[in-house]
Amino acid sequence: MSNVRPENMKRIVSEELAKEFIDEQVSAIKKQVGDGKVLLALSGGVDSSVCAALLIKAIGRNLVCVHVNHGLLRKGEPEQVIEVFGKQMKANLVYVDAAERFLKKLEGVADPETKRKVIGAEFIRVFEEEARKLEGIGFLAQGTIYPDILESEKGVKAHHNVGGLPEDLKFELVEPVKLLYKDEVRVVGKALGLPDEMVYRQPFPGPGLGVRCLGAITRDRLEAVRESDAILREEFAKNGLQGKVWQYFTIVPDVRSTGITDGKRTYAYPVIIRAVNTRDAISATIEEIPYGLLKKIVARITSEVANVNRVVYDLTPKPSGTIEWE
Ligand code: XMP
């Protein structure tokens, strides 16, 4: 398949068109791969999930999905991958719990870009180790989408999701959704029967909660990020904001402040809430969250999350702030 989207290619806007696309891709994958085995790094994001579901439909257990839990995922994410792919779709799923390994590597690493590099390099190392344990793999599937191709052509970023694998692990690429835009990937995901939480998932950075637990990651602050993020997501979903606000999450800085709980002095971390809307992530505006909902989220976070005594709402658009804090 060429890397250029033909001008006459229909935009996939309906279930009917999605089904046509799925049938075409299933045949194309069967033709490309035959009886070969395919490896896929399954993050649980929309693109890799849709890619996995297409390949499972085409070649079943000849697709080996590797899900690396780097310990920086959101609450419930690894469990959801195991439930949807391992149990419901009966995929050939290798689950790697590498949380301790990543946290060890990240000990004392405070600089954001160094953190990203450590997480990226360790991810490739873990994935490579798993790939070497498997036999007879000839192909690597990737959930590359059309904007990734356009960006890599412009030199903005390399599109390979698992770039950097060693030379002797040479695989032929399988990229079934590479000519689709994000909204089309979602329509295809829906038609493949993936759950809404996966199909309409907000963007989540590769280094995960690692760049939201500011400075050197500590376990207490990482748990505070994970738990407060889960409360924020739950409340946004209950109040109809899921799928309407582009990205929303919490951040925990490496700073403490004085507070009071049940008449006793506390000295604990603040949680920062960020909720933004954007088209392209290059600039972003602040979402006007109903005040009552914000107050409810503050009450829940301060009473349910350990080591937290204060919540603030970041009102900074991009620019001057970036969407993430690191
Ligand atoms: P910023 O913070 O640059 O974020 O305004 C723009 C978008 O990119 C996401 N982001 C990342 N995604 N790896 C990723 O895969 C990263 O290192 C990374 N940093 C930021 C961010 O979540 C937002 O959607």
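**Exercise 1.** At what angle do the axes of helix α1 and helix α7 cross? Keep in mind that you are working with a predicted model.

*Solution.* Start by finding the two helices: α1 covers residues 15–33 and α7 covers residues 182–191. Their axes come within 9 Å and cross at roughly 85°. Angles of 65 to 115 degrees count as roughly perpendicular, so α1 is roughly perpendicular to α7.

Next, look at who touches whom. From α1, the residues E15, A18, K19, F21 and I22 take part, and they meet V187, V188 and A191 of α7. Sorting the residues of this contact by type gives six nonpolar, no polar and two charged.

**Exercise 2.** Work out the strand order of the open sheet, and find the strands at its edges.

*Solution.* The sheet has five strands, and its order reads β3-β2-β1-β4-β5, with parallel pairing. At the edges you find β3 and β5 (172–174). Each of these has a single partner strand, so one side of each lacks a neighbour in the sheet. From one strand to the next, the twist averages 30°.

Now return to α1, which packs on this sheet and touches β1, β4 (137–141) and β5. The direction of α1 makes about 170° with that of β5.

**Exercise 3.** Describe how β2 is joined to β1 and to β3, and trace the helices along the way.

*Solution.* Take the β1 side to begin with. Strand β1 (residues 37–41) runs parallel to β2, and four bridges join the two. Two partners in β2 can be named here: L63 is the bridge partner of V38, and V64 is that of L39. Together with helix α2 (residues 46–59), β1 and β2 form a right-handed β-α-β unit.

Then turn to the β3 side. Here six bridges join β2 to strand β3 (residues 92–97), again in parallel. V68 has V96 of β3 as its bridge partner. To get from β2 to β3, the chain passes through helix α3 (residues 77–88), and this β-α-β crossover is right-handed.

Notes: Residues are numbered from 1 along each chain as its sequence is written. This is a predicted model: local features need pLDDT of at least 70, side-chain atom pairs count only at pLDDT 80 or more; totals for chains, interfaces and linings use all residues. Side-chain values use heavy atoms; hydrogens and water are left out. Two strands pair if DSSP finds at least two bridges between them. A crossover is right-handed if, with the strands pointing away from the viewer, the path from the first strand over the helix to the second runs clockwise. Axes are lines fitted to C-alpha atoms, for helices over the stretch in contact, and angles run from 0 to 180 degrees between N-to-C directions. Angles under 35 degrees count as roughly parallel, over 145 as roughly antiparallel, 65 to 115 as roughly perpendicular and the rest as oblique. Contact means heavy atoms within 4.5 Å. Ala, Val, Leu, Ile, Met, Phe, Trp, Tyr, Cys and Pro count as nonpolar, Asp, Glu, Lys and Arg as charged, and the others, Gly among them, as polar.
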